[in-house]
Amino acid sequence: MIGYIVQGSSASFGNIVDYANDPKKGAKMIGCSGGVFTLDNRTIADSFEMQAAMNPRLGSPMSHIILSFSTRDARFLTDRKMAEIVEDYLQRMGYEDTQSIIFRHFDKRHPHCHVIANRVNNKGRTIKDNNEHIRNIKVCKELTAKYGLYLPKGKEGVHENRLRGMDAIRYHMMHAVRESLQIASTWAEFSDDLRKAGLTFRFRYNAKTHGIEGISFTLDHNAYGRGNRLMHDISFSGRKLDPSLTLSRICVRLGNPVTIAHESAREIYERQKEDYRYRCTWDEFRHIDEKFPDFDSLFPALSEAAGRPFPAIEGDNTEQPEEYSADTSILSVGLEMLGVLIMQPYQAKIGPAGGGSSSDMKWNDEDKKKKRPHWAYSRTKTRSR
């Protein structure tokens, strides 16, 4: 249930009554308070104007209220039930001791009605309109719950065919990201599928904390269809596109990059230890645990972070594209660069200088892809000869 309130002068009563009780809209009177003569539109308007004259200093004595309901409530909303809900609404909004009339319209798919109420009550006193729009939202929510009316979830109730401009672009991006997320099982697959739709994503990386704080999506201005030419690329944070597309939610499906990198580093470290075991001398073998201590004890803070759900992800607070952050410690990075950055704390101890192995981290070395986190590259297809 959604309410919209418009105020007007006493001279507006005639125009609003003609609009609300228009036969072309299939208008039907379903409720009326005492003191309103309903012979025709003129007598209805005269009734309101006569009472408004009791308080001539009030410049806007008329309230025109439009109450709309979901199409899913159509069968439930008989004329009597709708009138009951509207009367409850008027009482909660402070219009219980004044003139009012309710007209139901049938010119649109969703049930709705137009209510005309007098802000000069039956005793000639003014009905206050302080914070009326805020109270309207609160009352509509209360009545939706009280009468079991349908409450759309998220963006379900939006008529996307009516959207224009930036809203239309945002919904286009939202659907593309959702579809790619349903198809992908790794970050690389997610990235590849988005690229087909002209979209890329970047992470908000904090160089001070080595944490990932959000994700944003960018639409290539040349990739947007619908006959519209964009002047520049468009970016939205995941949260701005939809609450289901925050970094934390996406990580539920694709995995947390911090945890994935930690486990990849562990595999490299254990492989180095195993290589050393096969080529070391007996004396070196006896001291292997000193040279290669337990991985978790070697990286206690990183191991602790990797063991927590979504470590270093701090709530997806990104409201603006990361490229415009004023904090120099905040970087906007793609998938490959993110892999390099979050592997840096490990490199001193698992690279050539640490561990005694010749293995190192070459993220672009095709022969050593197995040493790269699986989310940082696309799967390659083996051709049969």
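Predicted model: local features only at pLDDT ≥ 70, side-chain atom pairs only at ≥ 80, totals over all residues.
Q: What about contacts? How much comes from residues 24 or more positions apart?
A: Take the contacts with a separation of 6 or more. Residues 24 or more positions apart account for 70% of those.

Q: Let's do sheets. What is the strand order in the open sheet of 4 strands?
A: The order is 8-7-6-9. The pairing is antiparallel.

Q: Which strands are at the edges?
A: Strand 8 (234-237) and strand 9 are the edge strands. Each of them pairs on one side only.

Q: How much does the sheet twist from one strand to the next?
A: The twist averages 30° per step from strand to strand.

Q: How many bridges join it to strand 7?
A: There are 8 bridges between strand 6 and strand 7 (residues 211-219). The two strands run antiparallel.

Q: Give me a pair. What is the bridge partner of Leu-199 in strand 7?
A: Leu-199 has Leu-219 as its bridge partner there.

Q: What sits between strand 6 and strand 7 in the hairpin?
A: The hairpin has 4 residues between the strands. In this hairpin, His-210 takes a positive phi near 55°.

Q: Now strand 9. How many bridges does it share with strand 6?
A: Strand 9 covers residues 330-333 and pairs with strand 6 over 4 bridges. That pairing is antiparallel too.

Q: Which residue in strand 9 partners Asn-206?
A: Ile-330 is the bridge partner of Asn-206.

Q: And what stands opposite Arg-204?
A: Ser-332 in strand 9 stands opposite Arg-204.

Q: Which strands does helix 6 lie across?
A: Helix 6 (residues 187-196) lies across strand 6 and strand 7. It runs at about 135° to strand 6.

Q: Switching to helix pairs. At what angle do helix 5 and helix 8 cross?
A: Helix 5 (residues 165-183) and helix 8 (residues 247-254) cross at roughly 25°. Their axes come within 10 Å.

Q: Why call them roughly parallel?
A: Angles under 35 degrees count as roughly parallel. The crossing is roughly 25°, so helix 5 and helix 8 are roughly parallel to each other.

Q: Is that crossing left-handed or right-handed?
A: The crossing of helix 5 and helix 8 is left-handed.

Q: Which residues make the contact?
A: Helix 5 brings Leu-181, Gln-182 and Ile-183. Helix 8 brings Ile-250, Arg-253 and Leu-254.

Q: How do those split by class?
A: The contact of helix 5 with helix 8 has 4 nonpolar residues, 1 polar and 1 charged.

Q: Now helix 3 and helix 4. At what angle do they cross?
A: Helix 3 (residues 79-92) crosses helix 4 (residues 132-146) at roughly 140°. The axes come within 10 Å. That angle makes helix 3 oblique to helix 4.

Q: Left-handed or right-handed this time?
A: The crossing of helix 3 and helix 4 is right-handed.

Q: Which residues of helix 3 and helix 4 make the contact?
A: In helix 3 they are Ile-85, Asp-88, Tyr-89 and Arg-92. In helix 4 they are Asn-136, Val-139, Cys-140, Glu-142, Leu-143 and Lys-146.

Q: And the classes here? How many are charged?
A: The contact of helix 3 with helix 4 has 4 charged residues, along with 5 nonpolar and 1 polar.

Conventions
Residues numbered from 1 in each chain as written. Heavy atoms only, no water. Pairing = 2+ DSSP bridges. Axes fitted to C-alpha atoms, helices over the stretch in contact; angles between N-to-C directions. Parallel < 35°, antiparallel > 145°, perpendicular 65-115°, else oblique. Left-handed = near helix turned anticlockwise from the far one by under 90°. Contact = heavy atoms within 4.5 Å. Nonpolar A, V, L, I, M, F, W, Y, C, P; charged D, E, K, R; others polar.
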